[in-house]
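The following note sets out points for a colleague who is about to examine this model. Please read the points with the structure in view.

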Amino acid sequence: MPSFDTVLEPNLVEVRNAVDQSNKEIGTRFDFKGSDARIELKDKELTLFGDSDFQLGQVLDILTLKMTKRSVDARFLDIGKIEKIGGDKVKQVIKIKAGIESELAKKIQQLIKGSKIKVQASIQGDSVRVNGSKRDDLQAAIALLKKDITEVPLSFNNFRD
């Protein structure tokens, strides 16, 4: 029976490359001279440091630009609040989304059920498996998900006949 998996997987190698490029640009830019601005990456969490809210915004702009150039969708970033860390220094924690959360998985399942396409969706951990009898039905389900789920960059893998 033909099937595919709907997943939410960022390319972590490209994320690391974007962070490295961003840090290099921050180190060479004149407006960051002598500041504590930088980006740290630990597992699936980015921490941005800066001397002010404005500078933190500049660091975030550089990061999103570098990620876009490296074909990493900015919708993978779950941007947190700006926190003061002493003096006039600030930091911001950004989580990288990976794996479909249960709420989104249920939304995908309901969307496929309500579409009247002859496929079944089942939640399997942090992915959603879609089964159908015809390849065309699966391709219609992929098109439906791409059109209606815009808050996260879904990808589709494990397509089997």
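1. A residue is called buried under 20% relative accessible area, exposed over 50%, and partly exposed in between (1.4 Å probe, protein chains only). On this scale Gln55 is buried, with a relative accessible area of 10%. The model is a predicted one, in which local features need pLDDT of at least 70, side-chain atom pairs count only at pLDDT 80 or more, and totals for chains, interfaces and linings use all residues. Residues are numbered from 1 along each chain as its sequence is written, and side-chain values use heavy atoms, with hydrogens and water left out.

2. Gln55 belongs to helix α2, residues 53-69; helices (H or I, at least four residues) and strands (E, at least two) are DSSP runs, numbered from the N terminus. Its side chain reaches the backbone nitrogen of Asp51 at 2.6 Å, a polar contact (a pair of N or O atoms within 3.5 Å; within protein, one must be able to donate a hydrogen and the other to accept it, and residues adjacent in sequence count only if both atoms are side-chain atoms). Neighbours within four places in sequence aside, Gln55 is in contact (heavy atoms within 4.5 Å) with Asp31, Phe32, Ser35, Ala37 and Gly50.

3. The chain comprises 4 helices and 8 strands, in the order β-α-β-β-α-β-β-α-β-β-α-β from the N terminus. Its radius of gyration is 20 Å, well over the 15 Å that the globule rule gives for 161 residues, so the chain is more spread out than a compact globule. The radius is taken over C-alpha atoms, and the rule is 2.2 Å times the number of residues to the power 0.38. The C-alpha trace spans about 60 × 25 × 25 Å along its principal axes.

4. Buried residues make up 39% of the 161 residues. Of the contacts with a separation of 6 or more, 60% come from residues 24 or more positions apart.

5. Most residues other than glycine have a negative phi. Lys116 lies in the loop between α3 (102-114) and β6 (119-124) and is exposed, at 74% relative accessibility. Asn158 is found in strand β8, residues 155-160, and is partly exposed, at 36%.

6. Ala140, in helix α4 (residues 135-148), is partly exposed at 32% relative accessibility. Its C-alpha atom is separated by 9.8 Å from that of Lys118, 22 residues apart along the chain.
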